Amino acid sequence: MNRYFYYLVIVNMIANIVASVPRILIEARARGAIASMVLALFLGCAFIYIMTRFFHSFPGKGLPELLKEYTPKWIYIPFILYLIAAWFLAGLVTLITYSFLLKRFLTPDMPVTWIICIFLCFISFGVLMNTKSVLYTIEAIVVFNIPLVILIMIKAYTGEGMKWDFVKKSVMYIYHIPDYSAFSACSYVFLGAANLIIFNRVFTKKQKMSWLQLGITLFVAGGNLATTYFIPIGYNGFDQIDRLVYPWILTSDSMRIEFGFVERVLFIFLVLYLAISFLSILIHWHVTVELLKSLFWLKRFQWKGRNLTPYLFVSLFWFISLIIVPYVTEQDVTTYTISFFNILPFFFIVVLIMLWVIKRRAKT
């Protein structure tokens with residue numbers, strides 16, 4: 001597979017560490033969180049394999065073009081609208097979550113609305129870039145930040161505050177049956193592969209995922225889920241950790257780099273995930289804009305030879321974000337995020353059914 005595909009997958013995997021995923025897993029720690037991670041790991045990797053295998057047959061084509069070619073309008077239009085809602089909500093959840101996080105830990109005196117506006121200024125510019133430029137941006141930021149991710153992970157596993165007895169206690173609940181909310185939250189880790197519905201337009205040559213590449217993806221995803229779940233427990237204990245709103249933020253504040261230019265890992269961690277959250281929102285909303293363009297394109301809405309339809313979509317993103325933010329709290333965000341995650345397994349099923357329909361029609 002093209003290296004850019006792995007960037008899409010990696011960004012989505014890393015972004016889940018700070019968001020609501022670890023909190024959901026920790027709340028289910030005595031109700032089958034580990035079994036949920038194992039189940040999601042294998043089903044998620046199967047989803048990645050199916051997605052890559054499908055688009056291997058259609059190099060250089062996105063899902064909107066395939067739907068137009070092989071399905072009638074009464075299927076094509078509602079399904080695209082369904083995808084638009086899913087990708088926009090994924091970006092919106094990340095935007096609001098990180099805005100609350102920044103207000104709590106970095107800019108407590110700044111209103112959340114201002115933080116949202118600053119985020120949106122940068123995201124809007126990125127969303128309007130062409131798909132290839134978005135991939136170049138992702139590569140630049142990921143390559144620059146991966147060493148920091150590795151450094152933090154090594155420090156987390158080898159730090160003095162890491163108590164493996166707490167981890168061993170959590171492993172004792174491995175025989176519990178999977179919890180649905182924990183399973184659906186873990187499924188979000190694998191959503192990055194679904195971005196191929198738009199980014200496959202750039203992959204004009206046939207792409208194929210070998211069994212070795214799939215095995216490496218399985219290993220990395222397993223390490224990501226294990227790190228997301230076990231590290232906060234190792235640093236904060238097993239019994240009362242569910243009271244923490246941001247388990248990974250407080251965990252990072254328990255780590256020190258004695259001879260680093262910044263001693264507290266918290267500040268490095270926040271800056272790192274600020275960049276990752278920017279990429280996550282950028283990817284989700286770029287896909288949303290491209291899906292909207294496949295349905296709505298105002299040919300006469302132009303100024304100096306440039307069509308302004310994408311700017312209209314971005315303005316709509318601004319409007320919805322600024323309308324919603326004043327009326328939600330951190331607890332509301334968690335509640336809505338859990339509801340969004342709970343829909344994900346059904347989302348995967350619907351997408352896979354549609355891919356099967358397209359593949360079948362393409363053969364005939």
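Colleague: Which helices each supply at least two residues of the lining of the second largest pocket?

Modeller: Those are α5 (73-105) and α15 (330-363). Keep in mind that this is a predicted model.

Colleague: Which one gives the largest share of that lining?

Modeller: α15 does, with eight residues.

Colleague: How many residues line the second largest pocket, and which lie nearest its centre?

Modeller: The lining has 17 residues. Nearest the centre are Leu89, Val93, Tyr336, Thr337 and Phe340.

Colleague: What classes do the residues of that lining divide into?

Modeller: 15 are nonpolar and two are polar. None is charged.

Colleague: And what volume does the second largest pocket have?

Modeller: About 330 Å³.

Colleague: Switching over. How much space lies in the largest pocket?

Modeller: About 430 Å³. Its lining is made of 16 residues. Val149, Met153, Val220, Gly223 and Asn224 are the closest to the centre.

Colleague: Which helices supply at least two residues each there?

Modeller: Three helices do: α1 (3-15), α7 (131-158) and α11 (211-236).

Colleague: Where does the largest share come from?

Modeller: From α11, which gives six residues to the lining of the largest pocket.

Colleague: What about classes in that lining?

Modeller: Twelve nonpolar residues and four polar ones.

How values were computed. Residues are numbered from 1 along each chain as its sequence is written. This is a predicted model: local features need pLDDT of at least 70, side-chain atom pairs count only at pLDDT 80 or more; totals for chains, interfaces and linings use all residues. Side-chain values use heavy atoms; hydrogens and water are left out. On a 1 Å grid over the protein atoms alone, a cavity is a set of points where a 1.4 Å probe fits but cannot get out, and a pocket is an open set with protein on both sides within 12 Å along at least five of seven lines; lining residues have an atom within 4 Å of a point. Grid points are joined across faces, edges and corners, and a volume is the space filled by probe spheres set on the points. Helices (H or I, at least four residues) and strands (E, at least two) are DSSP runs, numbered from the N terminus. Ala, Val, Leu, Ile, Met, Phe, Trp, Tyr, Cys and Pro count as nonpolar, Asp, Glu, Lys and Arg as charged, and the others, Gly among them, as polar.
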